[in-house]
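Subject: Structure for your files, with notes

Hello,

Here is the structure I said I would send.

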Amino acid sequence: MSKKNILSRVLQLLITLVGITFITFSLIYLAPGDPVRTMYISSGNIPSEEIIEQTREAMGLNKPFLVQYIDWLGGVLTGDLGMSFSLNKPVIDIIAKRIGKTLNLSIMSLVIMLTISIPPGIISAIKANKPFDYIVRAYTSLGISMPGFLVGTLLLYFVGLKLNLLPIVSIGNNIESLILPATTLAFAMSAKYIRQIRSIVLDELTKDYVIGAKARGIRFCDIVIKDIFPNILLPLVTLLGISFGSLLSGVAVVEVIFSYPGIGAMAVDAITSYDYSLIQAYVLLISIIYMSVNLLVDISYSFLDPRAEKRSR
């Protein structure tokens, strides 16, 4: 991808971000409930209307909508995401504390997923319509049909509670506490990846270059590693970009099940406590992550497949 195209995409990203933040800010502004009143009630206080009005004025919540949005956007540009109503802490400090844990969980989930996806996907295609293929296809059907909360609950009960092999509560400070939530996320993803890899390899096996390589006596293992596997990379990178964006945004259900202190669980707490500043910052973070990952995936195409670069010119 040329520098001109990259700059164009970055500009589009910034314009889209402004649009997303404006829409989100509008929806939160129109949402029912009073964040100031909720903040006091959640702390166990029942304030008078006078105190509520004074607090609202101090927080700038009595200003017109556009003034509030511009003030918030100006704060974002200077690194100030506001204060959390429910936790009474700077939003940026809360997110900074949580994003690292979700990043660790995301990376480990992808590592587990790729480990249990690539070999079975390739072998299943090579041994199509044979016992191993039927087993793999049954696994993918099960993985796609089982929701994440069910997989997490089963792992929590059998592995964590009955067998006592791994911690039930995942505090995210060590690898052991990451295994169960990461495996839960990897299970559903691996089913989709195995199907995609199997489909690509089946298609590649029918192409002339593979048939020709076999006719020349090249070892089939070398054909798979040197010729077929590189052709898996491009669609695999696309899927990884989407998956990584989803994982970094925080898979709330899994984080809540395992009491994992990531940004997904943070978002759930923010919604239940009407913490509008935290919700707005979360939406901004997720938008940046998704669009940045998609941009990096597009840039990687020119390295993985030079033909893509030529077509974009």
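First, the ground rules. This is a predicted model, in which local features need pLDDT of at least 70 and side-chain atom pairs count only at pLDDT 80 or more, while totals for chains, interfaces and linings use all residues. Residues are numbered from 1 along each chain as its sequence is written, and side-chain values use heavy atoms, with hydrogens and water left out. Helices here are DSSP runs (H or I, at least four residues), numbered from the N terminus.

Helix packing

Two packed helices are described by the angle between their axes and the distance between the axes. Axes are lines fitted to C-alpha atoms, for helices over the stretch in contact, with angles running from 0 to 180 degrees between N-to-C directions.

Helix α1 (residues 3–30) and helix α4 (residues 65–77) have axes that come within 11 Å and cross at roughly 130 degrees. That makes α1 oblique to α4 (under 35 degrees is roughly parallel, over 145 roughly antiparallel, 65 to 115 roughly perpendicular, and the rest oblique). The crossing of α1 with α4 is right-handed, meaning that the near helix is turned clockwise from the far one by less than a right angle. On the α1 side, Val18, Thr21, Phe22, Phe25, Ser26 and Tyr29 meet Phe65, Leu66, Gln68, Tyr69 and Trp72 of α4; contact means heavy atoms within 4.5 Å. By class, the residues of this contact are 8 nonpolar, 3 polar and no charged. Ala, Val, Leu, Ile, Met, Phe, Trp, Tyr, Cys and Pro count as nonpolar, Asp, Glu, Lys and Arg as charged, and the others, Gly among them, as polar.

The axes of helix α10 (residues 208–215) and α11 come within 10 Å and cross at roughly 160 degrees. These two helices are therefore roughly antiparallel to each other, and their crossing is right-handed. Tyr209, Val210, Ala213 and Lys214 in α10 meet Phe220, Ile223, Asp227, Ile228 and Asn231 in α11. The contact of α10 with α11 has 6 nonpolar, 1 polar and 2 charged residues.

Aromatic pairs

The structure holds 8 aromatic pairs. Rings of Phe, Tyr and Trp (its six-membered ring) pair if their centres lie within 6.5 Å; planes under 30 degrees apart are stacked, over 60 edge-to-face, and the rest tilted.

One of the pairs is Phe22 with Tyr69, edge-to-face at 5.3 Å centre to centre and 85 degrees between the planes. It links distant parts of the chain, with Phe22 in helix α1 and Tyr69 in helix α4, 47 residues apart. Phe22 is partly exposed at 33% relative accessibility, whereas Tyr69 is buried at 6% relative accessible area. Buried means under 20% relative accessible area, exposed over 50%, and partly exposed in between (1.4 Å probe, protein chains only).

Tyr139 and Phe187 also form an edge-to-face pair, with ring centres 5.4 Å apart and planes at 90 degrees. Tyr139 lies in helix α7 and Phe187 in helix α9, so the pair ties together parts that are 48 residues apart in sequence. Here Tyr139 is partly exposed at 25% and Phe187 is buried at 16%.

Ring pairs also link Phe22, Phe25, Phe65, Tyr69 and Trp72 into a cluster.

Buried segments

In helix α6 (residues 118–126), Ile118, Pro120, Gly121, Ile122, Ser124 and Ala125 are buried. The buried residues of α6 pack against α5 (91–115), α7 (131–145), α9 (175–205) and α11 (220–248). Ser117, in the loop between α5 and α6, is buried with a relative accessible area of 0%. Apart from neighbours within four places in sequence, Ser117 is in contact with Ser190, Tyr193, Ile194 and Ile197.

In helix α13 (residues 263–272), Ile263, Gly264, Ala265, Met266, Ala267 and Ala270 are buried. Asp269, also placed in helix α13, is partly exposed at 44%.

Backbone angles

Most residues other than glycine have a negative phi. Asn129, in the loop between α6 and α7, has a positive phi of about 65 degrees and is exposed at 53%. Asn164, in the loop between α8 (148–162) and α9, has a positive phi of about 55 degrees and is exposed at 62%. Just after α13, Tyr274 takes a positive phi of about 55 degrees.

Regards
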